[in-house]
Amino acid sequence: MGMVSEFKEFIMRGNVMDMAVGVIIGGAFNAIIGSLVDDVIMPVISLATGKIDFSNLFIALDGSSYKTLSEAKDAGAAVLAYGSFIQAVLQFLIVAFVLFMVIKGMNKLRRPEPEAAPTTKICPFCKNEVPIEATRCGFCTSELK
């Protein structure tokens, strides 16, 4: 029974629940970024590079020639799909940049405000608190510098 209760304690920790929520949101975020790369960015890059379709950039390792990556895969040929790799790298860079921007924004919100200038000082003679502009202590009448 000790292992079951230990497991229950582990699962109920706040950081485990936070991590689970993060993984779920990360999966949804990955779908959004995948769509951004595939449907928005890659068509623009393809247009800028002379209508190159990165998803169909591959080398058939069997020496044959295929028109598309799916055709090569359907034929059972071993392929080096470097276009898919380029898309995956681009997708990673976009995810990393977006996360950087989100974390940077969150850190800005968390940054503590600078402390206000002090409005009082301690009298060196009687150790009572007096206004910072005071030239004499209101408690012991000592002259303050």
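Trainee: Which residues form a nonpolar patch on the surface?

Mentor: Ile 59, Leu 61, Leu 80, Tyr 82, Phe 85, Ile 86, Val 89, Phe 92 and Leu 93 do, with about 870 Å² of accessible area together. Patch residues have over 30% relative accessible area and no salt bridge, and nonpolar side chains (Val, Leu, Ile, Met, Phe, Trp, Tyr) are joined within 5 Å. A salt bridge here is a side-chain nitrogen of Lys or Arg within 4 Å of a carboxyl oxygen of Asp or Glu. The areas come from the Shrake-Rupley method with a 1.4 Å probe, and for residues only the protein chains shown count as cover.

Mentor: Before we go on, this is a predicted model: local features need pLDDT of at least 70, side-chain atom pairs count only at pLDDT 80 or more, and totals for chains, interfaces and linings use all residues. Residues are numbered from 1 along each chain as its sequence is written, and side-chain values use heavy atoms, with hydrogens and water left out.

Trainee: Okay, where does the largest share of that patch come from?

Mentor: From α4, which supplies six residues. Leu 93 is found in that helix, and it counts as partly exposed because its relative accessibility is 48%. Buried means under 20% relative accessible area, exposed over 50%, and partly exposed in between (1.4 Å probe, protein chains only).

Trainee: What about Ala 88, where is that found?

Mentor: Also in helix α4, which covers residues 82-110. Ala 88 has 42% relative accessibility, so it is partly exposed. Ala 88 and Ile 41 are 47 residues apart in sequence, and 12 Å apart in space, C-alpha to C-alpha.

Trainee: Switching topic: how many helices and strands does the chain have?

Mentor: Four helices and four strands. Those are DSSP runs numbered from the N terminus: helices are H or I with at least four residues, strands are E with at least two. From the N terminus on, the order is α-α-β-α-β-α-β-β.

Trainee: And why is the chain called more spread out than a compact globule?

Mentor: Because its radius of gyration is 32 Å, well over the 15 Å that the globule rule gives for 145 residues. That radius is taken over C-alpha atoms, and the rule is 2.2 Å times the number of residues to the power 0.38. The C-alpha trace spans about 100 × 60 × 20 Å along its principal axes.

Trainee: How much of the chain do buried residues make up?

Mentor: 17% of the 145 residues.

Conventions:
Patch = residues over 30% accessible without salt bridge, like charges linked within 9 Å, V, L, I, M, F, W, Y side chains within 5 Å.
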